[in-house]
Amino acid sequence: MESPSLDGFRCLNLACPAYSQLGLGNIRLRKWYDTRSGRRRLLRCATCGREFSELKGTALWNTRLPHERAADIMEHVTRGNSFKETAELTHTHRTTVSRLVCIAGEHAQRVHDHHAQDLRVTSLQADERHGFVGRKDQPCWEATVIDPRSKFLVQNALGARTTDLAVRLLFETRSRLHDPHGVVLFTDGWLPYDSLFPQVFGRPYQPKRQGSRGRLPRLQHRIPRTSGHVRIIKTYHGKRVTDIRIERAAGSQRRIDQELEALGYTTPNTSAVERHNGTARRMNPHQVRKSLAFARLPHVRQTVSDLVNAVYNYCRVHRSLRVKLDEPVGRRQYAQRTPAMAIGIADAVWSVLRLLRTVVLPTPCRS
C-alpha cells in the first residue's frame with residue numbers, strides 16, 4: 001500500500017507551537033523501521049523536535065496485523081457477522097477480532113466527535129431499538145437520532161430505557177448542532193422526549209419574583225417559533241400496530257408544516273430512523289434478528305455500535321442520496337454519496353481503512 005504524503009501529517013505534541021496545524025512543512029521523515037505488519041515511517045517535527053510514528057493517533061497504532069487484514073475484519077463485523085464467523089473468514093483468532101473491534105470502535109467514536117460538530121440541520125427523528133447485553137434477560141436499548149434529509153446518524157446512546165437514556169441522547173445531540181433552536185423533532189410516544197424537549201431545544205428565562213423577598217422562581221424554558229416537537233403515538237395489539245395518533249407536543253403548527261413541506265412529507269412520521277433501525281440490525285452482529293450472537297460486556301456492545309455507526313455515516317453509500325451528474329461518465333449517470341457527504345462534513349466516500357487511519361486530535365506524543 002502506498003504511504004500517504006507527509007503534507008497530511010501534523011505535530012501531535014500538545015506543547016508544540018505548530019500543534020495540529022497542516023501545511024507548515026515541519027513534518028520530516030526521520031527513518032523507516034520494520035514491524036510485523038510491514039515497514040513504517042518514523043516522523044519528526046522540525047519545530048519541537050519530537051518524533052512519532054505515522055500511525056500515532058490512529059486505530060492501527062501498535063497493531064501487529066497487516067492493515068488490509070484489519071480492515072477486512074471491520075468489514076466483516078459491520079456486515080453483521082459475529083466475532084466467531086469473522087475469525088473463521090479472516091483466519092484470525094476470536095480474541096484478536098474482539099480486541100481490534102473494541103479499539104476501532106473507540107477510535108470511530110473519536111472520529112465522529114471530531115467531525116460531527118456544528119451540524120446545520122432543521123429536523124431530527126429519534127427512536128429506540130431493543131437489544132441485550134450480558135444475558136438475554138438483561139435488555140440494552142439503543143436510542144438514535146438521525147437527520148431525515150441527509151440520513152446522517154447524529155447521536156446514539158445505549159442503556160436501560162429510562163429517562164437517563166433520553167437525557168444523554170438529546171443533550172449530546174444538542175451539543176452537535178449549529179442552531180438547536182431551529183429544529184423540528186419527530187419522535188414516538190415515549191414520554192421523556194415530551195418532558196425534555198423544552199429544556200434541550202428551548203430558550204431558558206428567569207420568571208420575575210412576586211414581591212421583594214424569597215427565592216427566585218424556578219428557571220423556565222420558552223419554545224421558540226423556529227422549533228417544534230411532534231409525537232407519533234402508535235397503539236399495538238400484540239406486535240401489530242392498530243392505531244397511529246399524531247400529536248403536536250410543542251412549537252407552532254406553521255413551523256412544523258413548513259418543515260414537512262421541505263422534507264416532502266404529507267404527514268409527520270419517523271420513517272428515516274425506522275428504516276435505519278433495519279439497516280443497523282443487519283450491520284450490527286449484536287442486533288441481528290434471530291441470532292445467538294450478543295455482547296457479554298457493555299463495553300463491547302458500545303464499541304461495536306460506535307464502529308457500525310461510523311461505517312454507516314462515512315463508508316456506506318445511500319441510494320436515496322445519489323445526485324445526477326451533469327455529464328455522464330461512461331455508463332455512470334449518478335454520483336453516489338454517503339450521509340457524511342450529504343450533510344457536508346466529507347468530500348468523498350471513505351474506505352474502512354481510511355476510517356482506521358484517520359488521525360484524531362488531541363493526541364499527545366511520547367517523550
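Axes here are lines fitted to C-alpha atoms, for helices over the stretch in contact, and angles run from 0 to 180 degrees between N-to-C directions. Helices (H or I, at least four residues) and strands (E, at least two) are DSSP runs, numbered from the N terminus. The model is a predicted one, in which local features need pLDDT of at least 70 and side-chain atom pairs count only at pLDDT 80 or more, while totals for chains, interfaces and linings use all residues. Residues are numbered from 1 along each chain as its sequence is written, and side-chain values use heavy atoms, with hydrogens and water left out.

Confidence comes first. The chain has a mean pLDDT (the predictor's confidence in each residue, from 0 to 100) of 90, and 98% of its residues reach 70 or more. Over residues 363-367 the pLDDT falls below 50, yet this stretch has 16 contacts (heavy atoms within 4.5 Å) beyond near neighbours in sequence.

Helix α3 (residues 94-115) packs against helix α8 (residues 298-314) at an angle of about 50°, the two axes being 7 Å apart. This angle makes α3 oblique to α8; angles under 35 degrees count as roughly parallel, over 145 as roughly antiparallel, 65 to 115 as roughly perpendicular and the rest as oblique. The crossing of α3 past α8 is left-handed, a term for a near helix turned anticlockwise from the far one by less than a right angle, with clockwise giving right-handed. Among the contact residues are V101, G105 and H112 of α3 and V300, L307 and Y314 of α8. By class, this contact has ten nonpolar, seven polar and two charged residues, where Ala, Val, Leu, Ile, Met, Phe, Trp, Tyr, Cys and Pro count as nonpolar, Asp, Glu, Lys and Arg as charged, and the others, Gly among them, as polar.

Helix α3 also meets helix α2 (residues 83-90), at an angle of about 110° and with axes 8 Å apart. That angle makes α2 roughly perpendicular to α3, and their crossing is right-handed. The contact joins F83, K84, T86 and A87 of α2 to R94, V97, S98 and V101 of α3. Four of these residues are nonpolar, two polar and two charged.

Turning to the strands, an open sheet of three has the order β1-β2-β3 with antiparallel pairing (at least two DSSP bridges between two strands). Its edge strands, β1 (27-35) and β3 (51-53), each pair on one side only. Neighbouring strands are turned by 30° against each other on average, direction ignored. Eight bridges join β1 to the antiparallel strand β2 (residues 38-45), and D34 stands opposite R39 in β2.
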